Amino acid sequence: MLNLIIKDIKNILYDKKTLAIILIMPIVLMSILGAALKGVFSEEDNDNDIQVYEVAIVKEYNYELELDKYKGIFESGFLGDFKGDFDVEGIDPEKIFFEEFMENKEIKEILNYTIVDKETGEQLLKENKASAIIFLPRNFVYDALISLTTPGRNTVAIEIVKNSEKQFSADMVEMIIGRFSEAMNANIAKKTVLINSIIGNGFEQEQIDKFTKLIQDQTTEKVNIAVREVTGEDSLTSFQYYSVAIMTMFLLYAASIGGKALIEEKNEFTLQRLEVSGSTIAKIAMSNFFRIISIAIIQSIIMIVFSSVAISVLWGDVKTVLVAMLCSAFAVGGLGVLVSVLTLVTDRYYIANIFEFGIVNLMALVGGSFIPVEILPKALQKINFIAINGSAINIYLNGMKYRPMEENMRYILLLIGMGVLFILCAGIALKASKKRRVIA
Amino acid sequence: MELLKVQNISKQFKKIKAVDGISFTLNKGEILGLLGPNGAGKSTTISMISTLIQPDTGEILYADTSIIKKPKVIQESLGYVPQEIALYPMLSGKENLLFWGRAYGLKGKKLKDKIEEISDIIGIKDRLKDKVKTYSGGMKRRLNIGVALLHDPELIIMDEPTVGIDPQSRKHILDTVIGLNKKGMTVIYTSHYMEEVEYLCNRICIMDQGKIIAEGTKEQLIKQYNTTRDIKLKLENYSQEVLKKIELLNCVISVSLLEEEIVVKATQDKKLFKDIVDLLNDDGADIHSMDIVEANLETVFLQLTGRILRD
């Protein structure tokens with residue numbers, strides 16, 4: 001077996017064309033894409049994006065209490081004869097935020113919100129089911145009402161907790177809430193008109209002055225938005241993402257090279273010669289499996305070293321990188337063997353070609369090697385993990401963020417499971433095929 | 001001593017019957033030739049003997065053991081030289097020999113010594129470090145044979161090993177086969193080159209359309225299937241009467257005019273040549289040349305099938 005593996009690796013190393021495909025191309029691509037798509041990772045503006053992003057909204061305020069508190073101002077005698085019949089219908093901050101802003105047709109095309117408690121929101125973020133949590137803080141209603149109906153401006157600090165794994169969409173949420181802030185400020189500007197209405201309702205100038213003084217004791221800041229990412233995590237650069245994405249895509253090409261191995265050996269008549277020498281097809285297929293794994297590992301090491309040295313990519317946790325490398329190589333090896341066996345037993349070279357030009361590219365797309373998964377349609381996002389590169393990308397990115405290994409278990413098991421399944425299928429295909437290879 | 005016994009084997013691919021119930025034996029130390037045109041079933045036959053494909057019917061015994069049930073029995077003792085160059089072109093000659101030697105279980109000094117010995121035999125010692133893809137066709141063919149010799153096989157099967165090479169390399173290969181046979185190696189040699197089979201083989205099976213249509217030594221086959229020979233004459237100033245007189249001679253089958261040559265087809269008779277010369281002298285004809293074309297396997301095949309071997 002070792003003899004076969006050494007021979008196969010030598011064959012690859014001596015073949016400049018294959019070497020270029022599996023090593024030079026990914027290095028060039030990761031550099032070009034990383035630089036070209038920098039904007040996707042740092043800029044919010046993306047007019048073409050029509051994705052609906054999930055956000056969780058946590059109400060930390062108590063609507064009734066804060067409304068009562070606001071009305072209490074009027075009942076305290078502070079405003080003279082005014083006894084709390086003030087109608088907040090048109091300036092209700094909750095209504096403005098939810099009904100006028102979040103339910104706005106344009107916003108609904110981009111954001112889909114769920115009102116949850118804090119724990120649920122954090123859980124949704126952890127499970128990647130939300131791009132961000134929007135915290136509407138305590139006194140949100142009261143402060144906003146004060147800002148809207150008095151000359152003073154209370155701070156309304158809306159907090160956004162972004163999901164660093166969904167950086168693009170989280171940036172989008174931040175931008176949209178920024179637009180809300182602008183809308184609120186516009187409303188605050190209208191407060192003069194409202195105050196004039198109050199005056200129109202018969203308040204004396206003395207009462208209005210007292211009212212104004214009290215409110216001006218508050219801060220005069222506008223609605224603020226505090227943004228933070230999930231604790232302890234750094235966002236990724238485009239070079240980091242595309243180093244992983246391109247590397248894992250080209251691992252699939254290692255599988256496609258291996259996928260052609262047996263039929264090419266057959267066409268070169270070395271397969272028959274090996275069979276005559278006593279090597280079984282199963283043994284030859286297994287050596288092909290180890291050959292693909294070896295190529296995948298060599299490929300990964302070279303690309304990791306290159307990206308670290310040449311474009312300063314930080315790969316994060318070494319243990320996670322090693323696990324990702326081995327698991328993805330294993331899955332790719334299994335896939336390559338399955339393709340090689342199917343191509344051999346059917347004696348149809350086009351099966352390997354379909355894999356190389358069709359399935360590899362489809363996997364690259366679904367797995368997020370071409371563009372980040374979260375920009376893809378939801379249906380594709382849901383099946384992202386079934387692509388080998390998709391699961392591998394998730395592990396590598398988690399490693400870059402120093403996420404605990406437990407968070408990778410799902411992907412690790414998936415990759416190992418895929419590898420085992422592919423090998424089993426290859427074995428079944430070999431066994432089911434009674435047809436022996438013919439040279440006559 | 002009987003080394004290999006092929007009993008009534010057949011192989012069909014879809015609707016084509018590639019081999020149709022053939023039987024033969026191979027004795028230890030023999031060179032057996034399988035002669036026949038392309039598509040005669042030679043490669044399918046040796047594929048079955050090499051355990052690459054299983055016959056649909058029949059049995060193949062190697063040293064009295066069925067290789068259909070126990071392929072390992074023959075695999076360990078078999079050197080297989082396929083018709084195609086079954087080598088890795090990106091690897092050097094030495095790397096190929098190392099790989100195939102290890103595939104046959106050789107290692108260490110034994111393998112190194114064997115590579116030395118084989119590269120001497122096949123005459124590529126000075127090119128061992130070069131990639132096989134840079135070799136000439138003849139060198140590739142020789143290396144193709146060398147690979148099959150690494151593990152000192154008891155039986156070597158060579159499937160058209162001289163296809164498409166220069167005369168010098170062909171002679172080298174043929175001499176190599178004879179040399180190996182002298183050292184005790186048993187050989188099955190397939191070819192559609194009649195002269196190679198005549199030169200090498202102790203015994204010949206002539207195959208056509210999946211069947212063995214004749215079997216024996218060269219002499220036996222010629223004697224059994226073809227007793228005629230052609231006498232080709234280049235003449236001037238001869239009469240038509242003399243041709244009629246020649247045609248009436250006892251051993252003559254036919255006299256025909258092919259371009260400027262007169263071809264006399266006749267059975268084997270030592271006196272015939274003298275009789276023809278006497279008749280031509282009596283006629284006053286000028287004899288420019290006389291050529292006797294003896295019967296060979298080509299003519300045996302022609303006699304048997306009505307076609308020439310390279311059809």
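Good morning. Please keep in mind throughout that the model is predicted.

I begin with the largest pocket. Its volume is about 1100 Å³. How many residues line the largest pocket, and which of them lie nearest its centre? The lining comprises 40 residues, and those nearest the centre are Glu127(A), Asn128(A), Glu165(A), Lys166(A) and Tyr411(A). Sorted by class, the lining of this pocket has 14 nonpolar, 12 polar and 14 charged residues. Several elements of chain A supply at least two lining residues each, among them helix H3 (38-42), strand S1 (53-59), helix H9 (167-189) and helix H17 (378-382). Helix H18 (388-400) and helix H19 also belong to that group. The largest share comes from H18(A), with 5 residues.

A nonpolar patch on the surface is formed by Ile416(A), Val420(A), Leu424(A) and Ile428(A). Together these residues have about 350 Å² of accessible area. Let us take Val420(A) from this patch. Val420(A) lies in helix H19, which covers residues 409-432 of chain A. Is Val420(A) buried or partly exposed? Its relative accessible area is 37%, so Val420(A) is partly exposed.

The third topic is the backbone. In general, most residues other than glycine have a negative phi. With that in mind, consider Ser312(A), whose phi is positive, near 50°. Where is Ser312(A) placed? It sits in the loop between helix H14 (281-310) and helix H15 (318-346) of chain A. Ser312(A) counts as exposed, because its relative accessibility is 55%. Gln209(B) belongs to the loop between strand S9 (203-208) and strand S10 (211-216) of chain B. With a relative accessible area of 58%, Gln209(B) is exposed.

I turn finally to the salt bridges. Over all chains, the structure holds 28 of them. I shall present some from chain B. Lys125(B) pairs with Asp120(B), and their closest N and O atoms are 3.8 Å apart. Lys125(B) has a relative accessible area of 38% and is therefore partly exposed. In the salt bridge between Arg127(B) and Asp130(B), the closest N and O atoms are 2.4 Å apart. Arg127(B) counts as partly exposed at 23% relative accessibility, and Asp130(B) is partly exposed at 30%.

How many residues apart are Asp175(B) and Lys171(B) in helix H6? They are 4 residues apart, about one turn of the helix, and helix H6 itself covers residues 167-182 of chain B. The side chains of Asp175(B) and Lys171(B) meet in a salt bridge of 2.8 Å, N to O.

Thank you for your attention.

Note on methods
Residues are numbered from 1 along each chain as its sequence is written. Chains are lettered from A and ligands numbered from 1 in the order in which they are written. This is a predicted model: local features need pLDDT of at least 70, side-chain atom pairs count only at pLDDT 80 or more; totals for chains, interfaces and linings use all residues. Side-chain values use heavy atoms; hydrogens and water are left out. Patches are made of residues with over 30% relative accessible area and no salt bridge: like charges are joined within 9 Å, nonpolar side chains (Val, Leu, Ile, Met, Phe, Trp, Tyr) within 5 Å. Accessible areas come from the Shrake-Rupley method with a 1.4 Å probe; for residues, only the protein chains shown count as cover. A salt bridge is a side-chain nitrogen of Lys or Arg within 4 Å of a carboxyl oxygen of Asp or Glu. Buried means under 20% relative accessible area, exposed over 50%, partly exposed in between (1.4 Å probe, protein chains only). On a 1 Å grid over the protein atoms alone, a cavity is a set of points where a 1.4 Å probe fits but cannot get out, and a pocket is an open set with protein on both sides within 12 Å along at least five of seven lines; lining residues have an atom within 4 Å of a point. Grid points are joined across faces, edges and corners, and a volume is the space filled by probe spheres set on the points. Ala, Val, Leu, Ile, Met, Phe, Trp, Tyr, Cys and Pro count as nonpolar, Asp, Glu, Lys and Arg as charged, and the others, Gly among them, as polar.
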